[in-house]
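This briefing goes through a protein model by topic, from strand pairing to surface features. Please keep the sequence and the structure in view while reading.

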Amino acid sequence: MTPRKQAEPGRQETERFTRAVLDSLPSHIAVLDEHGTIIGVNKAWNDFAESNPPISQNIAEGTNYLDVCDNASGECSEEAWPFANGIRAVINGEIDYFDIEYPCHSPTEKRWFIGSASRMLGGGPVRVVVSHENITHRKLVELELQDAHTQAEAATRTKSEFLANMSHEIRTPLNAIIGMTGLLLDTSLSVDQREFAQIIRTSGNTLLAIINDILDFSKIDADKMELEKQPFDLRECIEEALDLVAPNATSKPIDLAYVLDDACPEIIVGDVTRLRQILVNLLSNAVKFTEMGEVVITVSSEPLAVAEQSTHERLHDSQSRQRLTFSVRDTGMGIPAEKIDRLFKSFSQAHLSTSRNYGGTGLGLAISQRLSRIMGGDMWVESTSGVGSTFFFTILTEPVNIDLPDYRQPYQPHLSGKRVLIVDDNATNRQILLHQTSMWQMQPRLADRCQEALDLLEHEGPFDLAIIDMHMPDGDGITLVKQIRTMYGIDALPIILWTSIDLRNELSRSVRTLITALLAKPIKPGQLYQLLIRLFTNTPIEPDLMEPSSRQITHIQDVPSLHILLAEDSTVNQKVALKLLERMGYRADVAANGLEVLDALQRQSYDVVLMDVQMPDMNGLEATRRIRQLLPTDRQPTIIAMTAYAMQGDRERCLAAGMNDYVSKPIHVEELSQALYRCHPLASHTPRVQADRDVMFAAAPTDKAKPVHLDALFQLEQDLGSRSFVIEIMNVYLNQAPRYLAAIQAAYDQYAPQDVIQPVHSLKSNSAQLGAKTLAALCQALEQQAQAGQFDEMATLIQQITLEYQQVNQALTAYRHQMSQHLKSLEAF
């Protein structure tokens with residue numbers, strides 16, 4: 001028997017096995033030769049042909065499948081032609097595989113197929129396997145999913161519109177609640193009334209925060225959160241976030257601090273508002289759940305690894321991309337390991353009692369994590385119950401190349417070599433100051449206790465500077481300062497007291513003569529640098545030197561003279577806005593809707609229109625469009641939107657309508673003040689503030705040596721927002737001042753100079769507040785003599801103070817009468 005005969009049974013068995021496999025497949029399969037002729041089909045192909053008699057003869061064995069496709073007509077013809085071309089390319093060896101998806105509906109049902117062609121491997125003549133797979137079920141499921149997705153998008157749009165409308169409806173009365181309670185707190189209230197009003201205002205702000213969280217979550221959930229890409233100062237962003245939580249932190253024994261790695265860029269590109277939002281959320285939680293210890297932000301930077309970048313990033317801007325890693329560490333209660341997985345879930349909190357004890361919606365961390373992911377990073381947490389937690393998050397950003405600021409320069413000729421004593425029981429704070437002063441080539445020495453500081457002064461002195469923490473385990477900073485001054489003299493070395501911001505005023509008064517400056521926690525390198533430069537270049541430093549707040553209400557003398565029209569339909573909101581404007585030194589006319597705005601602008605020119613967006617008859621957007629169309633260029637006012645809407649795109653819609661600026665409700669005085677400060681008058685208008693001042697003090701003396709300066713009184717009225725409250729303060733002063741004078745005289749008569757300090761200090765502060773500058777200066781001189789124990793020189797000053805107060809009493813009595821009469825005339829009008 002020949003080998004061929006011997007192999008025949010095996011070959012037949014293989015063919016039977018191959019045929020069985022092909023027949024078991026649901027796809028319609030045919031084998032074509034090099035001409036496109038069908039030389040074999042499986043069972044599914046035959047079954048399909050038998051069930052479709054009109055085309056059965058066209059797809060039977062022996063027919064040319066390419067001819068069938070080329071001559072196709074009807075439902076499947078458009079896909080048959082490109083399929084034939086694909087098969088030819090496979091036969092010719094141009095490609096190894098080709099497929100196409102096509103519908104082929106019958107009169108009774110919808111059907112979809114995938115046609116494919118692949119070249120058989122191995123030697124011998126060319127063979128191509130053609131397959132048609134029925135994907136109708138999958139296609140129907142896809143269509144159902146697509147329809148469901150379309151419906152979900154429509155539902156999301158409806159939800160977003162509903163939230164926008166609800167935001168407006170809720171914010172409008174909330175604006176009245178927060179605004180009116182703020183004005184109420186500026187009036188004369190009893191202790192209980194003030195407490196009740198403060199609770200209302202706090203609750204209103206809490207409700208506003210919840211609304212903002214829900215809106216943010218909705219925008220992220222609907223994939224509508226759009227981030228800005230603008231350069232901003234990273235350090236400034238962190239410091240602003242710390243400033244926002246500082247009041248809560250200083251109400252507990254908690255130190256705030258931050259550390260930026262030297263590799264971190266100063267300026268980065270991104271969304272500063274959203275980054276600050278993440279930081280404030282994490283910091284607020286850390287402070288909330290920490291009773292004592294510290295909360296520390298640490299930031300590090302690393303180049304984005306090439307392997308982790310997309311192809312687009314590698315081709316375009318991969319060289320500049322960096323990953324910033326932020327950590328917020330606290331020494332609070334910590335989180336049990338089994339509860340961590342609940343942290344970043346919406347409306348979920350790690351402790352079931354958290355919402356009850358601390359408040360909150362459980363959305364903050366979920367929003368923060370999603371924001372960090374939108375920024376190209378992620379968020380996670382490491383925690384030990386009872387020890388503390390550290391929340392980490394990363395973002396991708398691009399640094400902006402700039403010259404380093406002065407305080408980042410290592411070479412500092414005014415600071416290099418200066419010996420500085422750093423006294424703080426907190427190890428993090430010591431390390432921060434150690435790193436910063438060492439970078440400036442200063443020579444720091446560290447102490448964690450008062451006694452250790454005294455030992456260093458005794459054995460390693462002299463020092464050029466001491467930075468002393470206010471609170472330490474073995475004694476407070478003031479006691480240490482007094483010991484240093486007693487041992488080494490009042491001018492032995494400059495002393496900076498490092499303390500919490502809410503103690504600034506009290507401490508600056510009590511230790512004014514003992515310290516050089518007061519520095520607020522958390523430490524800001526730029527602020528520390530400016531202070532040290534002033535110190536070592538002999539530039540005068542105020543004892544309570546602090547960075548001025550950027551959120552103060554603009555003072556009367558600083559505001560531009562503007563003719564303002566307020567467009568607002570809510571009567572309550574009109575009162576709130578008018579009162580806020582009055583506090584800033586402005587007056588305004590009122591219009592209740594867009595039509596009234598147009599009428600008012602036809603009658604006279606206005607420099608600024610504060611335009612509510614949602615008003616009856618004609619809304620603010622339409623009114624703005626009409627103003628831009630109808631008024632000539634020289635009469636076009638600056639239009640500032642004031643709206644309770646807060647959804648993505650609202651600001652853009654206002655600006656697109658022709659508005660110049662945008663202020664959201666509830667109105668923040670600082671934001672409105674800054675918006676108005678950017679405005680310019682169309683033409684000169686008589687300053688109403690000045691006119692009001694002239695009316696109120698028409699009979700006032702004009703000599704420069706007057707006992708009471710009227711500008712101080714008028715400024716006090718603007719700061720307090722109430723003339724009647726100023727009158728009440730004057731009444732209190734005129735009742736208390738004689739008591740202080742009597743106490744001063746009694747202490748002098750009893751030869752007790754230390755007992756003079758408190759009453760003369762109070763008389764000095766109160767007199768300065770009401771503009772009695774000469775009297776305040778005399779009191780300050782007497783206070784300094786009493787502190788120094790210069791008893792023999794006090795008699796003359798006490799006599800001068802008594803005589804000056806008589807002049808102040810007469811002036812304030814006259815001014816009080818004029819203010820009361822003017823107030824009555826305004827009320828009658």
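Which residue is the bridge partner of L566 in β19? The partner is V590. The model is a predicted one. The protein has 28 helices and 22 strands, and 47% of its 829 residues are buried.

- Strand β19 (residues 588-591) pairs with β18 in the parallel sense, over 4 bridges.
- Strand β20 (residues 608-612) also pairs with β18 in the parallel sense, again over 4 bridges.
- In β20, M611 stands opposite A567.

**The five-stranded antiparallel sheet**

- An open sheet is formed by 5 strands in the order β2-β1-β5-β4-β3, with antiparallel pairing.
- Its edge strands are β2 (38-41) and β3, each of which pairs on one side only.
- On average, neighbouring strands of this sheet are turned by 20° against each other, direction ignored.
- Between β3 and strand β4 (residues 112-119) there are 7 bridges, and the two strands run antiparallel.
- A117 in β4 stands opposite F98.
- Helix α2 (residues 43-51) lies across β1 (28-32), β2 and β5 (128-134).
- The angle between α2 and β1 is about 105°.

**Salt bridges**

- The count of salt bridges comes to 19.
- One of them joins the side chains of K139 and E101, at 2.5 Å from N to O.
- K139 belongs to helix α6 (residues 136-185) and E101 to strand β3 (residues 97-103), so this pair ties together parts that are 38 residues apart in sequence.
- K139 has a relative accessible area of 18% and is buried, whereas E101 is partly exposed at 39%.
- The side chains of E783 and K764 form another salt bridge, with an N to O distance of 2.8 Å.
- This pair links distant parts of the chain, with E783 in helix α27 (residues 773-788) and K764 in helix α26, 19 residues apart.
- E783 and K764 are both buried.
- A network of salt bridges with shared partners joins E101, R138, K139 and E142.
- R449 and D448 also meet through their side chains in a salt bridge, at 3.1 Å from N to O.

- Most residues other than glycine have a negative phi.
- Q441 is not a glycine, yet its phi is positive, at about 65°.
- Q441 is placed in the loop between α13 (427-439) and β14 (443-447).
- The relative accessible area of Q441 is 39%, so this residue is partly exposed.
- Y751 also has a positive phi, near 55°, and is a residue other than glycine.
- Y751 lies in the loop between α25 (723-749) and α26 (754-769).
- With a relative accessibility of 57%, Y751 counts as exposed.

**Surface and contacts**

- A nonpolar patch on the surface is formed by F17, V21 and L25, which together have about 260 Å² of accessible area.
- L25 is partly exposed, and its relative accessible area is 34%.
- The accessible surface of the protein is about 41,700 Å², and 52% of it belongs to carbon and sulfur atoms.
- Of the contacts in the protein with a separation of 6 or more, 67% are between residues 24 or more positions apart.

Notes:
Residues are numbered from 1 along each chain as its sequence is written. This is a predicted model: local features need pLDDT of at least 70, side-chain atom pairs count only at pLDDT 80 or more; totals for chains, interfaces and linings use all residues. Side-chain values use heavy atoms; hydrogens and water are left out. Buried means under 20% relative accessible area, exposed over 50%, partly exposed in between (1.4 Å probe, protein chains only). A salt bridge is a side-chain nitrogen of Lys or Arg within 4 Å of a carboxyl oxygen of Asp or Glu. Two strands pair if DSSP finds at least two bridges between them. Axes are lines fitted to C-alpha atoms, for helices over the stretch in contact, and angles run from 0 to 180 degrees between N-to-C directions. Contact means heavy atoms within 4.5 Å. Patches are made of residues with over 30% relative accessible area and no salt bridge: like charges are joined within 9 Å, nonpolar side chains (Val, Leu, Ile, Met, Phe, Trp, Tyr) within 5 Å. Accessible areas come from the Shrake-Rupley method with a 1.4 Å probe; for residues, only the protein chains shown count as cover.
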